[in-house]
Amino acid sequence: MTVGDRLLRLAPGVTLCLLAVPVLAGLAGTLAPAFGIDPLSGRGAGLSAFADLWDWPGLRAAVWLSVTSGVGSSLLALVISLGVVATLIGRPGFATVQRLLSPLLAVPHAAAALGLAFLIAPSGWIARILSPWATGWTQPPDLLILNDPAGLALTLGLVAKETPFLLLMILAALPQTDADRRLTVAASLGYGRVSAFALTVLPALYAQLRLPVYAVIAYAMTAVEMAMILGPTLPPSLSVQVVLWATEPNLAHRGTAAAAALVQVALVIAALGLWRLGEAVGRSLLCHAARSGWRAARADLALQPLLLGLALAPALALTAGLAGLAVWSVAGPWTFPEALPDTLTLQTWSRAAPGLWQAATTSLTLALAATLAALALVLACLEAEHRFGLNPSATVLWLLYLPLIVPQVAFLPGLQMLALSAGAQGGWGAVAAVHGVFVLPYVFLSLSAPWRAWDGRIAVQGAALGASPRRIFWQLRLPILLAPVLTAAAVGLAVSVGQYLPTLLIGGGRVETLTTEAVALSSGGNRRVIGTYALLQMALPAVGFALALALPRLVYANRRGMGTG
Amino acid sequence: MRLTRRQFGLIAGASLLAPRAMAQDWSAVTDAARGQTVYWHAWGGDPKINDFIAFVGAQAQAQARYGVTLEHVKLASTADAVARVLAERDAGQTSGGAVDLIWINGENFAAMKAQRLLLGPFAESLPNWPLVDVAGKPAVVTDFTLPTMGYESPWALAQLVFEYDTARLPTPPRSLAEMQRWITEHPGRFAYPQPPDYLGATFLKQVLHGVIGDPTLLQSPVDEAVYEATVVPLWSFLDGIHPALWREGRAFPANEPALGQLLADGEIDISFAFNPGRASAEIAAGNLPDTVRTFVLDGGTIGNASFVAIPFNAANREGAQVIANLILDPAVQARAQDPAVLGFQTVLDMAALTAEDRARFDALALGVATLSPTELGPVLLEPHASWMTRINQDWIARYGTVQ
């Protein structure tokens, strides 16, 4: 065994340690105040924080809202993204969808929410365009569209934001499913397009898609920015309430916030359990449909337009909302019911320009450092898993995804304490390391399924021809899996660029990124400034996603079987 | 809190003596501050304020006598900086902290002071302190009834003013009773930010001040024995207007910027802000139509001051004091009061300024929508912080979880 092999063998353990230490420190920082161990509360250890939480009259409504909007939006996003692929795969429109994907993916959540809010509000863009000639409104009507009690606006926002992510995950996984040949066989047996996809491709695809879907559910249930802008407020969702308690100026509710964060974690786990049950039901339905020989060829006529319509609505809403913000960024005075601003000005942009370059450079450097480190670790883990026949246990997987399901605001103070005690504060390196904690799980979940689904017979052939494991990795597996590797890197880049609280808390405010600037500015609600920063904040990850989609096509322009579909 | 003339005299006298005693110390402070980089943690939500802080930074660096570099750490919420200092304290970091200066007041100040997280007293030793109008503007030494004791230095005054668009509403209501009638007669055209938001809570306090039998009660901590009975008129006022609020009270704007946006979008006809110059500055920035004007209620509106404080473990504490002093410089204060810049009301005493410095303020236009000091009327002092906490709690229980 060479030194390299020995190092490789250590990779999974090292990676887990690198994740586990901050995660456990963060969790300890959450658990302690929840059980009354907090120098500030002045109370002894005990369950009084949970009692306070129980006494909060909004608890039931907040929990219900988190579950319905989180699970509902994830289910819709999954159906829509699968529907788009089922309908368009192998058709010309498919390439267009792929091209549109990257800018949509890169939209920061807060910007997406504000864009949507401006679009659908009673004084928003749609109302402005239709008023007064069609609606007769000279002043905005008093309609409860945003912040509706059922959380419909919030669900729409989450669907719009999560669908592109799931689509990207599907596109990365699709080549591993041999979809074209399966669909051809199914079509020749008389199956309709949608049913052929559901019966032959979906089972193989979903196995790879499961972890990203879980991440989406966890994210949607714990989302803060979107819920603050689009969600109801009487009461808000549980995740928003955690933030409100944790940031209360008199510091009296830190224990309640921590207790609520733990309830939030339990909720996510329960929702994932529920989802698993749903998977079992879905599987038996599919099996039943397969055995019955139901070909559903006619169903395509109704299903395809429906699915496309479903897919178009959130994509259009997101795009139009962002266009609205873009117009705001160059708008002079713009009052209701004018469809467009009276005058255009570059004032907002010229105001934002100084300091922008530096913030963008910092964002990019941090993102590259965190992403490259995470990518190297994930590749080493996956390769070690393959070469030494290791099998990650369920516990290990849970540990890996903890940073995604514990609400950041509850988890970060503990992490900050750790960084401060270790003397690693305010530094650029510490911030990059913490970004890595959040980037790594996403890189892992984007990459692991396509990596494992790779056709191992290629490796056997290579070995038979005398190639070493090392050579098989560098010259066969990595090049063939270039698309999913780059996609994972782009996702990692976007995750890093979007980090606000970790950057602020660990960096002590001394590491200034586009996102720390943008979030601080968006707390002022100025649409012009938000528009400016949202566009810039999108630009960095958008370049990353565009490269991830374009590079494999360029590199493998001469190899038909290595495209992305 | 009302101070007697004699108490004023004592405070003013003490503050005149202090700088002379501190003169020696101050040169030590400026010597130590030279070359320091001060990290000022301040809300970063308003480009106008961000530009002003950048201007202060340029002054601190340009003026050869200081040589201090100022970095504005832009926060979405002041609580983030408080949490940072707290974490440092819990981790045993008693020096070299990341936060040098915080923009602070009210509950954040009370919490930090109670937790002994602040350095001080320092404010009354600043060379520019004698220029501060302690007698005429008691809010500069009283933060939510809590004496500041020199643990924070004031830099701007704020007072609640209502904003309306004359193009849609020619004559606004001038008293609480008129306001109540106007709201019920114009359903959906008034809103207030959802408590416990700062501005929303201020609205509740303003109403409470108007409907309570004896407003002096508000200057002492809540007395649980009579609390329930005392606040009955507040709830009946709110019960009266809620069905006629924007969205029938089923949704509330999140904060001051969100409320201001509703006025700008024409969704409501009356909004309010904690800065008498906000409307003028927003008109100048093109965010509000130039027909917007402001008004106050008969009998006065609640006012307070914005402060800067230095955490106990600040790494660049001398530099932070230099900045705190620089913000009290008449030229800097005059710039902050310029309606084209911020429109903040100065904390300085015009009578204490030199003729040249006074001229800087006299030269300022008031701003098209800003009321003159006389028109602004009496400033009501903030109630004791316990009132805000208690009323917020009850508001959430009564209205905050209806769904």
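This is a predicted model: local features need pLDDT of at least 70, side-chain atom pairs count only at pLDDT 80 or more; totals for chains, interfaces and linings use all residues.

Student: How many residues does helix H1 of chain A have, and what span does it reach?
Tutor: Helices here are DSSP runs of H or I with at least four residues, strands are E runs of at least two, and both are numbered from the N terminus. The expected span of a helix is 1.5 Å times one less than its number of residues. Helix H1 (residues 3-34) of chain A has 32 residues and reaches 46 Å from its first C-alpha to its last, close to the expected 46 Å.

Student: Where does H1(A) bend?
Tutor: A bend at a residue is the angle between axes fitted to the seven residues ending there and the seven starting there. In H1(A) the bend is about 40 degrees at Ala11(A), and Pro12(A) follows within four residues. After H1(A) comes Gly36(A), with a positive phi near 85 degrees.

Student: What do I look for when two helices pack?
Tutor: Two packed helices are described by the angle between their axes and the distance between the axes. The axes are lines fitted to C-alpha atoms, for helices over the stretch in contact, and angles run from 0 to 180 degrees between N-to-C directions. Under 35 degrees counts as roughly parallel, over 145 as roughly antiparallel, 65 to 115 as roughly perpendicular and the rest as oblique.
Tutor: Take helix H21 (residues 482-497) and helix H24 (residues 527-555) of chain A: they pack at about 175 degrees, with their axes 9 Å apart. H21(A) and H24(A) are therefore roughly antiparallel.

Student: Which residues of H21(A) and H24(A) meet?
Tutor: Two residues are in contact if their C-beta atoms, placed from the backbone, lie within 7 Å. Among them are Leu486(A) and Leu493(A) in H21(A), and Leu540(A) and Phe545(A) in H24(A). For classes, Ala, Val, Leu, Ile, Met, Phe, Trp, Tyr, Cys and Pro count as nonpolar, Asp, Glu, Lys and Arg as charged, and the others, Gly among them, as polar. This contact of H21(A) with H24(A) has 16 nonpolar, 3 polar and no charged residues.

Student: At what angle do helix H5 of chain A and H24(A) pack?
Tutor: Helix H5 (residues 109-120) of chain A and H24(A) pack at about 135 degrees, with axes 10 Å apart, so H5(A) and H24(A) are oblique to each other. Ala111(A), Leu114(A) and Phe118(A) of H5(A) meet Arg527(A), Ile530(A), Ala534(A) and Gln537(A) of H24(A). By class, that contact has 5 nonpolar, 1 polar and 1 charged residues.

Student: How many residues of chain B are in contact with chain A?
Tutor: On chain B, 48 residues are in contact with 50 residues of chain A. H3(B) gives the most to the chain B side, with 7 residues. That side of chain B has 21 nonpolar, 16 polar and 11 charged residues.

Student: Which peptide bond at Pro337(A) is cis?
Tutor: The one from Phe336(A) to Pro337(A), with omega near -5 degrees. Pro337(A) sits in the loop between helix H13 (299-329) and helix H14 (347-352) of chain A. In chain B, a cis peptide bond joins Gly120(B) and Pro121(B), with omega about -5 degrees.

Student: What is phi of Phe144(B) near?
Tutor: Phi of Phe144(B) is near 55 degrees, a positive value in a residue other than glycine. Phe144(B) is in the loop between S4 and strand S5 (146-147) of chain B.

Technical notes
Residues are numbered from 1 along each chain as its sequence is written. Chains are lettered from A and ligands numbered from 1 in the order in which they are written.
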